[in-house]
Amino acid sequence: VALLRSIGKPKEAMTINIYTALINLVLDYIFVMKLGMGIGGAAFATLIATGVTSCLFIQHITKSDILKLRLRNMKPDIKILQEVFYIGGPRLYNQILQGVAMVVTTKSAGHYGGEIATAAIGIISMVRTTINTSMQGFNQGTVSIISYYYGAKKFDKVKEVYKIQIKVVVISTLVLVLGMVYFSEEIVKVFIKNDEELVKAA
């Protein structure tokens, strides 16, 4: 999907993401709630939704005038792979560390605080993920614009977009953090209302 954004098709990328989320949501309800398939049903729903996303992505790429999906072009290139790992490496390590930190935190919460602490960590994680996803979505949107201006050697525009991005992210983050600090109880009650002990823990 990021590839679609990079070739100037942000609407198509957004459409694919929306379709994926909706398909996953509907199938989760059918497989888990109606058919009682449990975690396996949720995994199967995600697999189907991802498959649909892949088909939509391939459809858009095959129609693109910029990129052509050809088997003869699918050969490994060491130089390109090095550049990919050089640019994407920090992001990869960051995601791995976040995953490790979440596992350790959840394990520790379960060991020292029991089920209440584990549930509280789950709620905190969902709130954090919502905020992170919002910021990542905005950043990914600006990447395409910055890449376009950089490729066109319009470096003044690159700086302008970058400054706007920093301002929006900083202000949005401050607002969200202050909201969590002063309205933490109300936010937690969105997820759970009838357990005061869990609300206080979260």
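**Exercise 1. Is Ile30 buried, partly exposed or exposed, and which helix holds it?**

Solution. The model is predicted, so local features require pLDDT of at least 70 and side-chain atom pairs count only at pLDDT 80 or more, while totals for chains, interfaces and linings use all residues. Residues are numbered from 1 along each chain as its sequence is written, and side-chain values use heavy atoms, with hydrogens and water left out.

Step 1. Buried means under 20% relative accessible area, exposed means over 50%, and partly exposed lies in between (1.4 Å probe, protein chains only).
Step 2. Ile30 has 33% relative accessibility and therefore counts as partly exposed.
Step 3. Ile30 lies in helix H2; helices are DSSP runs of H or I with at least four residues, numbered from the N terminus.

**Exercise 2. Locate the salt bridge and describe its partners.**

Solution. Step 1. The criterion is a side-chain nitrogen of Lys or Arg within 4 Å of a carboxyl oxygen of Asp or Glu.
Step 1. The structure holds one such bridge, formed by Glu160 and Lys157, with the closest N and O atoms 3.9 Å apart.
Step 2. Both residues lie in helix H5 (residues 155-182), three residues apart, about one turn of the helix.
Step 3. Glu160 is partly exposed at 42% relative accessible area, and Lys157 is likewise partly exposed at 33%.

**Exercise 3. Classify the aromatic pair of Tyr150 and Phe155.**

Solution. Step 1. Rings of Phe, Tyr and Trp (its six-membered ring) pair if their centres lie within 6.5 Å; planes under 30 degrees apart are stacked, over 60 edge-to-face, and the rest tilted.
Step 1. The whole structure contains two aromatic pairs. In one of them, Tyr150 and Phe155 are 5.6 Å apart centre to centre with 70° between the planes, an edge-to-face pair.
Step 2. Tyr150 is exposed at 55% relative accessibility, whereas Phe155 is partly exposed at 41%.

Note on methods: Helices (H or I, at least four residues) and strands (E, at least two) are DSSP runs, numbered from the N terminus.
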